[in-house]
Amino acid sequence: MYKFVTIYRRVDDAQLLEEFFNQTHLPLAEQLPGLLRREVSRVSHKPGGESRFHLMFELYFRSQTSFEAAIATPISVQLIEA
């Protein structure tokens with residue numbers, strides 16, 4: 001199993017970030033070939049106060065080779081450019 005993690009920092013306009021993630025990033029990522037599973041975690045706090053992070057997005061692939069093949073596709077280019 002190979003996991004790729006993207007972490008989004010907290011921004012001034014959380015609603016705008018959520019819209020971007022849900023309408024752009026998530027639909028593109030779900031089209032990656034070889035994607036086995038995805039997990040989204042929203043971060044609210046850390047011990048001692050507010051976290052500087054807003055959400056974590058984890059993508060699971062069978063292997064590093066499978067992940068590397070997925071990021072070599074046009075869908076991956078769209079993700080990076082979004």
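## Helix packing and sheet order in a predicted model

The crossing of helix 1 and helix 3 is left-handed, a crossing being left-handed if the near helix is turned anticlockwise from the far one by less than a right angle, and right-handed if clockwise. This is a predicted model, in which local features need pLDDT of at least 70 and side-chain atom pairs count only at pLDDT 80 or more, while totals for chains, interfaces and linings use all residues. Residues are numbered from 1 along each chain as its sequence is written, and side-chain values use heavy atoms, with hydrogens and water left out.

**Helix 1 against helix 3**

- Helix 1 (residues 14-29) and helix 3 (residues 74-81) pack at an angle of about 155°, with their axes 9 Å apart; axes are lines fitted to C-alpha atoms, for helices over the stretch in contact, and angles run from 0 to 180 degrees between N-to-C directions.
- That angle makes helix 1 roughly antiparallel to helix 3, a term used for angles over 145 degrees.
- The contact (heavy atoms within 4.5 Å) is made by H25, L28 and A29 on the side of helix 1, and by I75, Q78 and L79 on the side of helix 3.
- By class, this contact of helix 1 with helix 3 has four nonpolar, two polar and no charged residues, where Ala, Val, Leu, Ile, Met, Phe, Trp, Tyr, Cys and Pro count as nonpolar, Asp, Glu, Lys and Arg as charged, and the others, Gly among them, as polar.

**The sheet**

- An open sheet of three strands has the order 1-5-2, with antiparallel pairing; helices (H or I, at least four residues) and strands (E, at least two) are DSSP runs, numbered from the N terminus, and two strands pair if DSSP finds at least two bridges between them.
- Strand 1 and strand 2 are the edge strands, each pairing on one side only, and the twist averages 15° from one strand to the next.
- Helix 1 packs on the sheet, where it touches strand 1, strand 2 and strand 5, and its direction makes about 5° with that of strand 5.

**Strand 5 and its partners**

- Eight bridges join strand 1 (residues 2-9) to strand 5, and the bridge partner of R9 in strand 5 is F53.
- Seven bridges join strand 2 (residues 35-42) to strand 5; in strand 5, R37 has Y60 as its bridge partner, and V40 has F57.
- Seven of the nine residues of strand 5 (residues 53-61) are buried, so this strand is largely enclosed by the rest of the structure; buried means under 20% relative accessible area (1.4 Å probe, protein chains only).

Notes. Parallel < 35°, antiparallel > 145°, perpendicular 65-115°, else oblique. Buried < 20%, exposed > 50% of the residue type's maximum accessible area, 1.4 Å probe, protein only.
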